[in-house]
Amino acid sequence: MLGLHLFLLSLTVTTLVLCLLFSTPIHSLQKPHDQDDEQDTPITRFQRYLRIKTAHPDPDYYSAVSFLKAEAQSVGLQARTLEYAPGKPVLLLTWPGSNPSFPSLLFNSHLDSVPAEPSKWDHPPFSAVRSPDGKIFARGAQDDKCIAVQYLDAIRNLKEKNFAPVRTVHISYVPDEEIGGADGAAKFVASKEFQELNVGFVLDEGQASPGDEFRIFYADRSPWNLIIKAKGTPGHGSRMYDNSAMENLMKSVESITKFRESQFDVVKAGEAASSEVISINPVYVKAGIPSPTGFVMNMQPSEAEAGFNIRLPPAADPDLVKRRIAEEWAPARWNMTYQISELGPIRDYMGRPLITPTNDSNPWWSIFKQAINAVGGKLAKPEILSSTTDARYMRQLGIPALGFSPMSNTPILLHEHNEYLKDTVYLKGIEVYESIISSLSSLEVASH
Ligand SMILES: [Zn+2]
């Protein structure tokens, strides 16, 4: 491997000299990121991955997989490409442990990113420009292409130190997390290949932390989409009568608003984090009879509907929420119907809430915590994630899974304009994963 590096380096130097001699004007070599391109370092490997256009709606999954596969080969890991939905590859890397009968470790990362509006960015979102103060700008810099390459470089370093794991270590790269994971992690965890991995513990993505401590997530909130439809007799705009579609939809919205306030008040009073309550937010209202200039104003329409985004924390009782929807928010007596789309599981295969214990009952937890402390890191109080990740699919199988991305002293910029990660934070993250991988893969207890 070292030989390969020397070869690449000498190739680079030769190219550089030839360019200088024959064609390239001097000024183009002065841009800092051009110099970055010429070398093979942890930072340039990260930048190269960031430059692959993995944003929806047409993520370039195959380029991402071929980049990661080449990196895995240079590290000396086994690689397999699996495909559970056409055009949506899963890349699985393996570092075999000396005792393959122990449950293995899985480090997960999603290949895709959300879209970016280039006009709102200071640098093109797939340029991975590094500013003079070390900020690397790119869509996916925080969510979650950083961990994808950090896992690899952590293993690269451990191998150079001749570390040998007892437990087998896997890395999975899955598609479609940003659009719900139905064709990605959901299908992967349901596969024969996943079962054969005998996974004992999963680390998946977390979120940046503006403070000194790393954030850690032990559960997600489960997303539901709710559509409520009201039907009623149409009538003249001037007439007062009961049970028009609009009247009933508005009564429903009123009742939902009251419930929303009851949850939000708990958060405002500081009695719970916003990820610990049920959130329900209106996302659209559709009603009225269109006219060439807007809407017909002297007609009460016969149909009206509204859409809501609901997030349930693990402690919430989904049956209770369903009863509330049926009896209070969209009751049949008001001539209303509703449709709930549950996006992913809400209980594990034993019917338990999807929670990974962060106490001594979970042997992985204490080792994980020690591994962070060993490199001078501190963990914040474990949290429930407000949104959702692929970890819920692993938790559904009863596998402990934590959400963690080692980004302290970093503003939370996922899905925002000018998403960036500082080079120093990125490099520290590699060291953190080295400590985590070496500690957890040495754990002798055959747990799970
Ligand atoms: Zn993500």
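A: Strands here are DSSP E runs of at least two residues and helices are H or I runs of at least four, numbered from the N terminus; two strands pair if DSSP finds at least two bridges between them. This is a predicted model, so local features need pLDDT of at least 70, side-chain atom pairs count only at pLDDT 80 or more, and totals for chains, interfaces and linings use all residues. Residues are numbered from 1 along each chain as its sequence is written.

Now zoom out a bit. The open sheet has 4 strands in the order β11-β15-β9-β16, with antiparallel pairing. Its edges are β11 (279-287) and β16 (336-342), each pairing on one side only. On average, neighbouring strands are turned by 15 degrees against each other, direction ignored; the axes are lines fitted to C-alpha atoms, for helices over the stretch in contact, and angles run from 0 to 180 degrees between N-to-C directions.

And what sits against the sheet? Helix α8 (residues 245-268) packs on it, touching β9, β11, β15 (303-312) and β16. Contact here means that C-beta atoms, placed from the backbone, lie within 7 Å. The direction of α8 makes about 15 degrees with that of β15.

Note on methods: Contact = placed C-beta atoms within 7 Å.
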